[in-house]
Amino acid sequence: MQPCRDVTFLIPSLLLVRGRYVKKQAAAIGGCVIEVNNLVRRYGRHLAVNQVSFKIEKGEIVGFLGPNGAGKTTTMNILTGYLSSTEGNVKVGGMDILEYPREIKSIIGYLPENPPLYVDMTVQEFLSFVGDIKRIPRKDKKERINKIMETVVIQDHAKRLIKNLSKGYRQRVGLAQALIGDPQVLIMDEPTAGLDPKQIIEIRDLIKELGKDRTVILSSHILPEVSAVCQRVLIIHFGKIVADGTPEVLARRLLGGRHIHLRLDASEAEISRALGKVGDITGLQFRESQEEGTLEVIAEAQGDTDIRRDLFRALSSADIPILMMRSLDMSLEDIFLNLTTKEREE
Ligand code: ATP
């Protein structure tokens with residue numbers, strides 16, 4: 001794996017670093033924000049995270065996707081410094097998590113699966129309390145908390161007791177506490193778990209908004225969630241990363257290249273003759289069509305080669321009408337099932 005490049009980091013206040021105070025840095029995190037190398041976590045004899053390595057660049061919204069027990073929470077807990085690893089190392093903003101645990105905590109906002117809320121406090125009291133813990137200067141605290149409450153749209157509930165809020169609003173309070181201190185990295189474990197469909201859409205929109213100027217990692221075992229919010233997916237299975245990329249790239253990798261699905265008004269022989277001239281085609285599959293007199297064809301090409309234009313030219317010069325042409329992509333669901341229904345490899 002390539003090492004992180006272009007790393008500068010923001011320390012939001014005066015911090016004690018290796019026995020001396022360093023002044024607040026004006027720079028923001030750049031380039032590679034999170035670098036994880038050969039991470040291993042055992043619980044007794046149980047291997048929960050197994051040699052996991054990945055890098056996350058500034059501004060990415062990355063989804064950890066995996067079935068229950070895959071190791072998502074364990075990985076996130078290690079990234080946030082809540083749990084130690086058995087082996088391997090983690091760098092956030094270029095800093096090693098073992099050497100700079102406090103500095104790293106100051107640039108990460110964490111929303112655990114069950115947000116730690118004091119339910120007998122009002123929203124405002126709780127956020128003010130978190131502001132104190134995160135050492136937000138008194139003079140700025142009120143204004144910053146008001147701004148965060150506006151961001152997560154909870155300002156109308158500021159004076160209500162947390163125990164009287166719905167699950168969706170409690171989740172917003174959890175998100176608000178993660179945002180205090182203006183973290184540049186936001187880590188969220190199952191942020192929409194237990195919410196109703198309307199709340200799910202609202203929280204997803206909020207996450208996308210927050211991801212515009214932050215690096216975001218979220219975990220989920222819900223496929224549409226990850227495709228709706230994330231640009232990149234890390235599929236975790238039995239503690240290992242089994243896939244890393246955009247849903248489109250993962251699909252192509254599994255299919256072994258691009259597949260174009262066509263419906264053509266011609267016979268198999270005519271189509272084979274016409275498409276035989278397209279050099280980049282590596283295979284043709286013919287299927288029956290529901291439309292009488294037509295054939296469905298899957299044209300395969302190696303890797304990322306886009307053969308749609310060549311298909312169009314070859315078929316038009318053979319006077320074969322194209323009734324339908326579309327890329328045949330695997331859904332994230334197909335990819336996930338393909339990768340996670342395999343038996344555990346010991
Ligand atoms: P879920 O989606 O169900 O939250 P997950 O992908 O987040 O699952 P983890 O919670 O990281 O998975 O758990 C990974 C594995 O480690 C599971 O087999 C789990 O039972 C085990 N595990 C997690 N925490 C502990 C613990 N404190 N002690 C022992 N085993 C644990």
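**Close-up views of a predicted model**

View 1. Residues are numbered from 1 along each chain as its sequence is written, and side-chain values use heavy atoms, leaving out hydrogens and water. Between Glu60 and Arg232 there is a salt bridge, with 2.9 Å separating the closest N and O atoms (the term asks for a side-chain nitrogen of Lys or Arg within 4 Å of a carboxyl oxygen of Asp or Glu). Distant parts of the chain are linked here: Glu60 sits in the loop between strand 4 and strand 5 (61-65), while Arg232 belongs to strand 11 (residues 232-237), 172 residues apart. Strands (E, at least two residues) and helices (H or I, at least four) are DSSP runs, numbered from the N terminus.

View 2. How many salt bridges does the count come to? The count is 16. In one of them, the side chains of Asp132 and Lys141 come together at 2.7 Å, N to O. Asp132 is partly exposed, at 37% relative accessibility, whereas Lys141 is buried, at 9% relative accessible area. Asp140 and Lys139 also form a salt bridge through their side chains, at 3.4 Å from N to O. Asp140 is partly exposed with 21% relative accessibility, and Lys139 is exposed with a relative accessible area of 71%. Elsewhere, shared partners join the salt bridges of Glu60, Arg232 and Asp244 into one network.

**View 3. A shell of residues surrounds the ligand.** There are 13 residues around the ligand, the closest being Gly69, Gly71, Lys72, Thr73 and Thr74 (a residue is near if one of its heavy atoms lies within 4 Å). Which elements supply at least two residues each to this shell? Strand 4 (46-57) and helix 1 (72-79) do, and helix 1 gives the largest share, with three residues. Sorted by class, the shell holds four nonpolar, six polar and three charged residues.

View 4. Look for a backbone N or O atom of Gly69, 2.7 Å from an oxygen atom of the ligand. A polar backbone atom of Ala70 is 3.0 Å from a ligand oxygen. For Gly71, a backbone N or O atom is 2.9 Å from an oxygen atom of the ligand. On its own the ligand has 630 Å² of accessible area, and the protein covers 61% of that (Shrake-Rupley method, 1.4 Å probe).

**View 5. Helix 9 keeps its buried residues together.** In helix 9 (residues 268-275), the buried residues are Ile271, Ala274 and Leu275. They lie on the same side of helix 9 because they cover an arc of only 85° around the axis, taken from the directions between the helix axis and the C-beta atoms.

**View 6. Two loop residues have positive phi.** Most residues other than glycine have a negative phi. Phe238, by contrast, has a positive phi near 50°. Phe238 is in the loop between strand 11 and strand 12 (240-245) and is partly exposed, at 33% relative accessibility. Asp319 has a positive phi too, near 60°. You can find Asp319 in the loop between helix 10 (308-317) and strand 16 (322-327). Is Asp319 buried or exposed? Asp319 is exposed, with a relative accessible area of 68%.

Methods. Predicted model: local features only at pLDDT ≥ 70, side-chain atom pairs only at ≥ 80, totals over all residues. Polar contact = N/O pair within 3.5 Å; in protein donor to acceptor, adjacent residues only side chain to side chain. Nonpolar A, V, L, I, M, F, W, Y, C, P; charged D, E, K, R; others polar. Buried < 20%, exposed > 50% of the residue type's maximum accessible area, 1.4 Å probe, protein only.
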